[in-house]
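Please look over the model below before reading the notes. The notes begin with the whole chain and then move to single parts.

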Amino acid sequence: MAAAVARPGTENVKGRTRPFLGMSVELPFAPVDTAIRREAGDLRVSADAAEELARRIQRRGAELAREAAEHATDAGRKTLMVEDFGLDAADAPARDTLTLPVAPVDRIARLDIPDEYRVSADARVALAARLETFAADAASGAATLARHAGRRTVQAEDVETYFELVE
């Protein structure tokens, strides 16, 4: 299953590349802001940093869903399950322990996969858990970069630099 590759300044939505005009409204900024502030400790967090992290979370979620769809297809299924997201069903966290809301995560999961795929309720929670771990790692790294730069505020450039360093 080959996915269309987005060019700089574009985004890939449902297999179509279109101009990127900012983040589509899939993931609310408030839970992302909560996640980044948790990792930032005593540092302040700019709105741009939360927005950039939300964008990165959304991209990663769509990427994980594409990979999960490939696993499901290989297993002869059209329903994405917890194991397709690399988690054991027994290890999946409870929905009420997550910061990221599951409904927007479900919409993110469906961005780049064909419409015939379904995402099980437990798989949505598993994806949200994977994305929270991803967000916590990025937020922690961005906070470290802000401290290293001698700033008291985590900025979007810290999030961007973190991803430049780890990708």
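Among contacts in the chain between residues at least 6 apart in sequence, what percentage join residues at least 24 apart? The value is 67%. The model is predicted, and its chain has 167 residues, of which 44% count as buried.

**Overall layout**

- The chain contains 5 helices and 6 strands.
- Read from the N terminus, the order of the elements is β-β-α-β-α-β-α-β-α-β-α.

**Helices H1 and H2**

- Helix H1 covers residues 29-40 and helix H2 covers residues 47-74; their axes come within 9 Å and cross at roughly 105 degrees.
- Angles of 65 to 115 degrees count as roughly perpendicular, and H1 and H2 are therefore roughly perpendicular to each other.
- On the H1 side, the contact is made by Phe29, Val32, Asp33 and Ile36.
- On the H2 side, the contact is made by Ala49, Ala50, Glu51, Leu53, Ala54 and Ile57.
- The residues of this contact of H1 with H2 comprise 8 nonpolar and 2 charged ones, with no polar ones.

**Helices H4 and H5**

- Helix H4 (residues 121-148) packs with helix H5 (residues 156-166) at an angle of about 110 degrees, and their axes are 8 Å apart.
- This angle makes H4 roughly perpendicular to H5.
- H4 contributes Phe134, Asp137, Ala138, Gly141, Ala142, Leu145 and Ala146 to the contact.
- H5 contributes Asp158, Val159, Thr161, Tyr162, Phe163 and Leu165.
- The residues in the contact of H4 with H5 divide into 9 nonpolar, 2 polar and 2 charged.

**Aromatic rings**

- The structure holds 2 aromatic pairs.
- One of them is formed by Phe134 and Phe163, with 5.4 Å from centre to centre and 35 degrees between the planes, and this pair is tilted.
- Phe134 belongs to helix H4 and Phe163 to helix H5, so the pair ties together parts that are 29 residues apart in sequence.
- Both Phe134 and Phe163 are buried.
- The rings of Tyr162 and Phe163 have centres 5.1 Å apart and planes at 80 degrees, so this pair is edge-to-face; planes over 60 degrees apart count as such.
- Tyr162 and Phe163 are both buried.
- Together, Phe134, Tyr162 and Phe163 form one aromatic cluster.
- Elsewhere, Lys78 lies over the face of Tyr117, at 5.0 Å from the ring centre.

**Helix H3**

- Is helix H3 (residues 102-109) largely enclosed by the rest of the structure, or largely open? In H3, 6 of the 8 residues are buried, so the helix is largely enclosed by the rest of the structure.
- The buried residues of H3 are Val102, Pro104, Val105, Asp106, Ile108 and Ala109.
- These buried residues pack against H2, H4 and strand E5 (118-119).

**Residue Asp88**

- Where does Asp88 lie? Asp88 is in the loop between strand E4 (79-80) and H3.
- Asp88 has 46% relative accessibility and counts as partly exposed, because that class runs between under 20% for buried and over 50% for exposed.
- Along the chain, Asp88 and Ala126 are 38 residues apart, and their C-alpha atoms are separated by 9.1 Å.

Terms used:
Residues numbered from 1 in each chain as written. Predicted model: local features only at pLDDT ≥ 70, side-chain atom pairs only at ≥ 80, totals over all residues. Heavy atoms only, no water. Axes fitted to C-alpha atoms, helices over the stretch in contact; angles between N-to-C directions. Helix = DSSP H or I, 4+ residues; strand = E, 2+ residues; numbered from the N terminus. Parallel < 35°, antiparallel > 145°, perpendicular 65-115°, else oblique. Contact = heavy atoms within 4.5 Å. Nonpolar A, V, L, I, M, F, W, Y, C, P; charged D, E, K, R; others polar. Phe/Tyr/Trp six-rings, centres within 6.5 Å; stacked < 30°, edge-to-face > 60°. Buried < 20%, exposed > 50% of the residue type's maximum accessible area, 1.4 Å probe, protein only. Lys NZ or Arg CZ within 6 Å of the ring centre and 35° of its normal.
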